[in-house]
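Look at the model first, then read on.

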Amino acid sequence: MDLAPKQLPTLASRHVDPHSYPSGVAFLDGQYVPMSEAKISVLDWGFLHSDATYDTVHVWNGAFFRLDLHIERFFGGLERLRMSIPFDRAGVTEILHNCVALSGHRAAYVEMLCTRGASPTFSRDPRDAINRFMAFAVPFGSVANPEQLERGLHVSISQRMRIPPVSIDPAVKNYHWLDLVRGLYDAYDNNAETALLLDFNGNVAEGPGFNVFAAKDGRLSTPATGVLPGITRRSVFDLCAEAGLVAEALDVSVEALLGADEVFITSTAGGIMPVTKIDSKAVGNGKVGPITTKLKDAYWAKHDDPAWTMPVAYP
């Protein structure tokens with residue numbers, strides 16, 4: 001056995017990141033920086049333990065959409081996870097505005113997040129960690145691409161169970177996505193474009209970053225338990241109330257979803273998006289339905305409503 005000393009590699013003074021990132025601006029540690037400079041420590045509990053909460057809001061035509069609801073949900077998550085940040089709601093709102101204004105994006109995907117942070121002594125006690133707030137704005141992105149929005153998404157129902165609410169409160173947006181990612185791969189293996197997971201009772205729950213609605217005989221239903229109460233989901237309820245449509249949150253069985261006249265999914269990343277095929281079978285007549293179209297059009301029309309929007313002050 002050769003015990004001769006070997007020359008150690010050179011210790012670099014700083015990390016050189018070879019990766020590329022979307023254009024945008026981030027805020028962390030009191031600084032606004034390009035997205036390529038937004039970094040966290042490998043010792044951060046957000047990375048090591050997925051101990052974090054976040055929220056996302058979009059900007060369309062230079063204005064935030066329903067920002068107040070996203071801010072409230074984010075602060076609710078902080079409280080439930082016993083995290084604290086040195087900013088109040090107005091402070092976070094200002095930071096998000098600054099990120100968008102500095103980026104120049106008129107259509108943006110904007111995220112606010114807080115990680116548990118890291119302990120200066122590498123303590124295993126989460127109370128010793130220094131919580132860390134960050135935010136960023138990048139170009140707007142959608143769950144569905146233009147072609148899929150036009151003809152409807154093809155979805156597969158994975159048999160994987162979504163993390164039950166007794167384990168993780170779904171009202172707190174989090175990065176526990178391994179079940180969702182595995183569901184996505186199940187969908188890809190079945191030649192579908194995205195996935196829906198089941199809840200602990202075998203009913204339909206949600207997909208990677210979206211809620212789902214089914215329309216049958218003019219009435220809409222969406223899963224009630226084990227799902228994130230999405231802001232776009234809430235917007236559908238608000239739009240249905242204005243349009244005189246019945247929408248209910250209740251248990252949605254796989255059979256009910258497969259037998260629906262129309263199905264659509266909802267997300268800040270894309271709005272109201274039609275689904276026309278589930279498990280290789282057509283939904284209804286296989287075309288985007290009238291209720292979906294009516295709600296989708298009403299949703300985007302609300303982006304011009306001052307009651308639902310907040311303009312960004314660009315330089």
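## Pockets and a helix pair

The second largest pocket is lined by Tyr21, Ala26, Phe27, Leu28, Met35, Ala38, Lys39, Ile40, Leu113, Met134, Ala135 and Phe136. A pocket here is an open set of points on a 1 Å grid over the protein atoms alone, where a 1.4 Å probe fits, with protein on both sides within 12 Å along at least five of seven lines; lining residues have an atom within 4 Å of a point. The model is predicted: local features need pLDDT of at least 70, side-chain atom pairs count only at pLDDT 80 or more, and totals for chains, interfaces and linings use all residues. Residues are numbered from 1 along each chain as its sequence is written, and side-chain values use heavy atoms, without hydrogens and water.

β1 (25–28) and β6 (130–139) each give at least two residues to this second lining. Strands are DSSP runs of E, at least two residues, and helices are runs of H or I, at least four.

In the largest pocket, 32 residues form the lining, and Tyr54, Lys173, Trp177, Gly209 and Leu228 lie nearest its centre. Among the elements that each supply at least two of its lining residues are β3 (52–60) and α6 (231–243).

| Pocket | Volume |
|---|---|
| Largest | about 480 Å³ |

A volume is the space filled by probe spheres set on the points, which are joined across faces, edges and corners.

The axes of α2 (residues 67–80) and α3 (residues 89–103) come within 11 Å and cross at roughly 120°. Axes are lines fitted to C-alpha atoms over the stretch in contact, and angles run from 0 to 180 degrees between N-to-C directions.
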